[in-house]
Amino acid sequence: PPEEVEDASEPTKRDRSHLESTLKLNEDKPADDFSGVLQRLRKIYHSSIKPLEQSYRYNELRQHEITDGEITSKPMVLFLGPWSVGKSSMINYLLGLDDTPYQLYTGAEPTTSEFTVIMHGPKLKTIEGIVMAADSARSFSPLEKFGQNFLEKLIGIEVPHKLLERVTFVDTPGIIENRKQQERGYPFNDVCQWFIDRADLIFVVFDPTKLDVGLELEMLFRQLKGRESQIRIILNKADSLATQELMRVYGALFWSLAPLINVTEPPRVYVSSFWPQDYHPDTHKDLFLKEEISLLEDLNQVIENRMENKIAFIRQHAIRVRIHALLVDRYLQTYKDKMTFFSDGELVFRDIVEDPDKFFIFKSILAKTNVSKFDLPNREAYKDFFGINPITSFKLLSQQCSYMGGCFLEKIEKAITRELPDLLGSIGLGKKPNILSCDITGCGETPKNRYRKP
């Protein structure tokens, strides 16, 4: 029948069922699970850590404020590589965007001149870079510093796709050899660096038929130094070459990248063809499919570990805030003990700040509160800190209690020893990773709260 003839001319699409199953797109659980844990993490941070952080002005000691955007941001996967290697096609394929109005443009010419952020949203829509940077709830507001020219090259696309509930993709302009930064009109390398620093997984994509590692790519690998564990190299369009040729290209790729990546464990290389069309006949379909599945598993792993890393990061932050509060409290207590009716407050306090060891300030913290000596901040930092923040502007920990809300110190200790480890236990079927080893932080025994009213 004539219909079949028409069908034959259409390139056949490959089966997508392995995508669905490997990325667990049919399960309802991961997405809800994720947002619930994030809400609880935010709540613990705001109710148990932030009050103490603000009360003792912790961020003047360490310039790091944790924004809600940072707590709730999803893992980010960054696609880098020369132009026309199939970065955009790969994203279209993973998200099934082909033949939808929102597929990313693809073609033989350099097509993507923007940084495109593909994120989850209730319905398909495009967001201007200026709007994305203005919204502080998103984690992209720091991008404003790269200027107006760059924001015009930043674009967001919201897609109602299950995978994007757990991860955000970023497609970057192809690295075009011999193209000057000035021509781009914004600091391309700095922008790349910003994304590289925040990416949980970095796919560097190559086309085996046009393998040419030039200057801009060398620059790129210099920027990737130290991020080797996040890098995955993808030899895309692998079914467009005969096996022998492919082996040769694989060798050549390693040869040209070797000087750029000097690590004992080189990044994993995936050889496959990431797009919706069926593999070319007479090529290693089974191998390509296996490679694709292991890349998807890799992606899944990153999504699954991200939550654990985030909780561990917030907990580490809480431990530092707690130590800082105990120290300020100790300085204040010592000051009050030394003050008499006739003494000059300035002089008394200068004496304490100049030589805290004479008053056992740091020692007493170690003795009473199972703090590791490696976690203690630098003494010098406190001279500067109290230079800006007079000691009299702080309250003792024992006074930071309310009848209804309990004590600040008690809340942060509960967060460190119970709430955050429990939250960690609630994800991943209760497997508690060894990040929370108790010998480092003494989380085994609950600290005695010496301010607690009997």
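In the predicted model, helix 12 and helix 16 run roughly antiparallel to each other. Helix 12 spans residues 285-338 and helix 16 spans residues 408-426; their axes lie 10 Å apart and the packing angle is about 165°. This angle is over 145 degrees, and the pair is therefore classed as roughly antiparallel. The crossing of helix 12 past helix 16 is left-handed.

On the side of helix 12, the contact is made by E308, I311, I314, R315, A318, I319, V321, R322 and L326. Their counterparts in helix 16 are L409, I412, E413, I416, L420, P421, L423 and L424.

Aromatic pairing was examined over the whole structure, and 19 aromatic pairs were found. One of the pairs is formed by F115 and F150, in an edge-to-face arrangement with a centre-to-centre distance of 5.7 Å and 70° between the planes. This pair connects distant parts of the chain, since F115 belongs to strand 2 (residues 115-120) and F150 to helix 7 (residues 148-151), 35 residues apart. F115 and F150 are both buried.

A stacked pair is formed by F385 and F394, with ring centres 5.8 Å apart and 20° between the planes. F385 has a relative accessibility of 2% and therefore counts as buried. F394 likewise counts as buried, because its relative accessibility is 6%.

F115 and F150 also belong to one aromatic cluster, together with F140, F146, Y186, F188, W194 and F195.

Methods
Residues numbered from 1 in each chain as written. Predicted model: local features only at pLDDT ≥ 70, side-chain atom pairs only at ≥ 80, totals over all residues. Heavy atoms only, no water. Axes fitted to C-alpha atoms, helices over the stretch in contact; angles between N-to-C directions. Helix = DSSP H or I, 4+ residues; strand = E, 2+ residues; numbered from the N terminus. Parallel < 35°, antiparallel > 145°, perpendicular 65-115°, else oblique. Left-handed = near helix turned anticlockwise from the far one by under 90°. Contact = heavy atoms within 4.5 Å. Phe/Tyr/Trp six-rings, centres within 6.5 Å; stacked < 30°, edge-to-face > 60°. Buried < 20%, exposed > 50% of the residue type's maximum accessible area, 1.4 Å probe, protein only.
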